[in-house]
Amino acid sequence: MPETTSAAVSELLARAREGDADALNRLYEASRPWLAIVARACLEEKLRSRVDPSDLVQQTLLEAYRAFEGFAGRTEGEWLAWLRQILLRNAVDYVRWFCTAKRGAGHVSLAGADDRSAIRCEPTADIPSPSEQAVVHEEVLRLAQAITALSDDYQQVIQLRHFEQLPFDEVAQRMQRSRPAVQMLWLRAVRRLKDLMDERC
Amino acid sequence: MNDAEGDTPLDERALAALDAYVDALQKGERPDRECVLREFPELATTLTCLEAVERLAQSGVADVSAPGVEARHKAAPLSPEWPSMGVWQTRVDFGGYELLEELGRGGMGVVYKARQKSLGRVVALKMILPTQLPTEQAVLRFQAEARAAARLRHPNVVAVHEVGELHGQPYFTMDYVEGRELGAVAAGQPMEPRAAARLMAQVAGAVEHLHQHGIVHRDLKPSNILVDQEGHPYVTDFGLALACGGDSQLTQSGMIVGTPSYMAPEQAAGRRQAVGPGADVYSLGAILYELATGRPPFDEPTPLETLVQVLEGEPPAPRTLNRHLPRDLELVILRCLEKRPEARYPSAGALAADLERFLREEPVEARPRGPLHRLARWCRRRPALAIRLAAALIFALVAHLSYTLIQQVTPLRHAAVLGALGMFAAAAAAFEWAAARARNKILVPFAWSTADMLLASFILWITHNPFSPLVVAFPLLIATAGLWFRVRLVWFSTALAAVAYTLLTATAQPPSEEAGLWHHHLIFVAALLMVGTVTAYQVWRVRALSRYYERRPLPGG
């Protein structure tokens, strides 16, 4: 794995905007693990088996790549908020597509089409919502990378406890294990994560 | 990377402290780090790590549920902030067009409702899914579609206005038809037969127009036929259209394209050369079948099973599904659905003409076929029953012949053999009847297999002859069980056969020359197990293929 975050995201952004293709690529590679985590978090479990989160990430990066010119932000926070917004729209799209596909209708019906003709389409680039403007440290991307390198069990327990913010009782239920077993798993996951982060320093 | 350290257990209190720490972080509080460290100094790095994880969570991972949550549970109607268009095209300006709404997407294309700014008219704009990196093949196929469609002018064909390219994104525009897909109009209910005939006569006329311009649609199905508010149908989506005799580079791969339920057998078989206008005639017949009966001719749970049925099966006679269907219309449908293209209507125009004849209440051209053809059709519809009846008949003939010529058998035993064969046939008929009606579709094949095995054992038992070539019935029945495509059923039959054979040989008195050669039986049982294994393996392979198609729906679907 290339050491993707050695340059700060804001610097990569600036260089990418000047047409540095390499910087743009590194930007996307650095953001991929983080997006993967967001993707996993936003797809419900039963959907995750049907929609591959990595497809969602791939598609998001592809769209972001094409639309990069339209992105006006400068900071890492704005960048991630933008990517996240694209990903979430794609997720909604996917879910909708998945639900229609399941109903057996390949196409969306045309009925009642005309009364929704005035769909408002915001420019997607520069209006992250307040919660999305939280300060983002560069470390976040590195941590995301480390998390995606964990085993599936570890990733799942971290996702449930931290990203879905469930108490351990519920985590245990979801993972169909006892509460002490899940807590032990969690502890190991955190320690392993710590090791991974130390290695990369 | 110290696994020994990684496994050091923590005492309950330390764990509880960590948990409380995480809870506090998640509530947005600032927990007292020093306080925890005073009691558990070894947790310093763990706390740092947890803080980092929570920062990651707050970087946009944890609150994803906010907008996504309805979508996670159901396909909620999308609010204006969440248009169904992929994000990058939400720059709704597309050249001289303004994209208004996504109308639908297929295997590789997406169709938008769009306003042409210069003329102020509303059109349908189709492009390759912008989220996919289009392969060269996809672009070629897309351009072929545009070219094919641009040549057509027919009141029942969606007209193409403009073919173009914007920022390397090929697109074309066509009439926007205010209406619904035929599939939505029919909605799984049989249509009034005359209305269905009237509609399909127009569609067949449009398809004839395509054919006259050298275009085979190849993907006719209810969702590719739009019906406007006056009830006029329009043929659309030439995504798979192939110019007859034209450069067919696009489908060199022989890839199966199309929707299996409406696909002609020659197309399902991937015989590219054989796919001509006749394939469209078949699809028209399949659509008419669905309009007349409320279901497509073949509608199996998986695409692969549907393909198999299209290739060799026979759909239920339309009139068994809709009693009110006129006999003539059924004849028209069945003629379209003939397996051999030569046996169908020679052209879509001929089909349209015959439908017109039906509408004028004149006798139709399609005639009932001869008894042999009807027998063949019946056999295709009920292959399991047909093969058993044939087997019973052949065995009965041979048994009777040997009885009259050789006369080694007592009349009583002969009657018993014939009776058992008769029961075999009757059981087959009963199971066929049950299979069509049973709620538990899985039980029937198991019961059927068991009955077959029992009757075969019975015949061998009353002939006292588990040492004759007749034992070939056992491997035969195992192979037959494989035709249900269930691995477990194959194992089940294998086990039954092995048990039945063992019991027979243990109880029967061997002829003198076989006495003491017990290892022959071992060889035979081993061979039975091998037959079972091989059959099960082949079934497993077919099912693996089938699952592959399930996950990757055929393009165009």
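Me: How do α2(A) and helix α6 (residues 139-148) of chain A pack?
Reply: They pack at an angle of about 65 degrees, with their axes 8 Å apart. Axes are lines fitted to C-alpha atoms, for helices over the stretch in contact, and angles run from 0 to 180 degrees between N-to-C directions. Helices here (H or I, at least four residues) and strands (E, at least two) are DSSP runs, numbered from the N terminus.

Me: What should I know about the model before going on?
Reply: This is a predicted model: local features need pLDDT of at least 70, side-chain atom pairs count only at pLDDT 80 or more, and totals for chains, interfaces and linings use all residues. Residues are numbered from 1 along each chain as its sequence is written, chains are lettered from A and ligands numbered from 1 in the order in which they are written, and side-chain values use heavy atoms, with hydrogens and water left out.

Me: Why are α2(A) and α6(A) called roughly perpendicular?
Reply: Set the angle against the cut-offs. Under 35 degrees counts as roughly parallel, over 145 as roughly antiparallel, 65 to 115 as roughly perpendicular and the rest as oblique. The pair is at about 65 degrees. Therefore α2(A) and α6(A) are roughly perpendicular to each other.

Me: What is the hand of the crossing of α2(A) and α6(A)?
Reply: Their crossing is left-handed. That word applies if the near helix is turned anticlockwise from the far one by less than a right angle; clockwise gives right-handed.

Me: Which residues meet where α2(A) and α6(A) pack?
Reply: In α2(A), they include A:Ala30, A:Pro33, A:Trp34 and A:Ile37. In α6(A), they include A:Val140, A:Leu141, A:Ala144 and A:Ile147. Contact means heavy atoms within 4.5 Å.

Me: What makes α15(B) and α16(B) roughly perpendicular?
Reply: The axes of helix α15 (residues 371-381) and helix α16 (residues 383-405) of chain B come within 5 Å and cross at roughly 115 degrees. So α15(B) and α16(B) are roughly perpendicular to each other. B:Trp378 and B:Cys379 are among the α15(B) residues there, and B:Leu385 and B:Leu389 among those of α16(B).

Me: Why is B:Ser283 called buried?
Reply: Buried means under 20% relative accessible area, exposed over 50%, partly exposed in between (1.4 Å probe, protein chains only). B:Ser283 has 2%, so B:Ser283 is buried. Its place is in helix α10 (residues 277-293) of chain B.

Me: Which backbone oxygen lies 2.7 Å from a polar atom of the side chain of B:Ser283?
Reply: That of B:Tyr262. A polar contact is a pair of N or O atoms within 3.5 Å; within protein, one must be able to donate a hydrogen and the other to accept it, and residues adjacent in sequence count only if both atoms are side-chain atoms. Leaving aside neighbours within four places in sequence, B:Ser283 is in contact with B:Leu220 and B:Tyr262.

Me: Is B:Asn322 buried or exposed?
Reply: At 8% relative accessibility, B:Asn322 counts as buried. B:Asn322 is in the loop between α12 (318-321) and α13 (327-336) of chain B. Its side chain reaches the backbone nitrogen of B:His324 at 3.0 Å.

Me: What makes B:Thr320 exposed?
Reply: Its relative accessible area is 59%, so B:Thr320 is exposed. B:Thr320 lies in helix α12 of chain B. The side chain of B:Thr320 reaches the backbone oxygen of B:Ala317 at 2.5 Å.

Me: Why is A:Gln165 called partly exposed?
Reply: Its relative accessible area is 32%, so A:Gln165 is partly exposed. Phi of A:Gln165 is near 55 degrees, a positive value in a residue other than glycine.

Me: What makes a set of residues a nonpolar core?
Reply: The members are buried Ala, Val, Leu, Ile, Met, Phe, Trp, Tyr and Cys residues joined through side-chain atoms within 4.5 Å. The largest core has 76 residues; A:Trp34, A:Trp79 and B:Leu56 are among those that touch the most other members. Helix α2 (residues 21-42) of chain A gives the most to this core, with eleven residues.

Me: How many helices and strands does chain A have?
Reply: Nine helices and zero strands. Buried residues make up 54% of the 201 residues in chain A.
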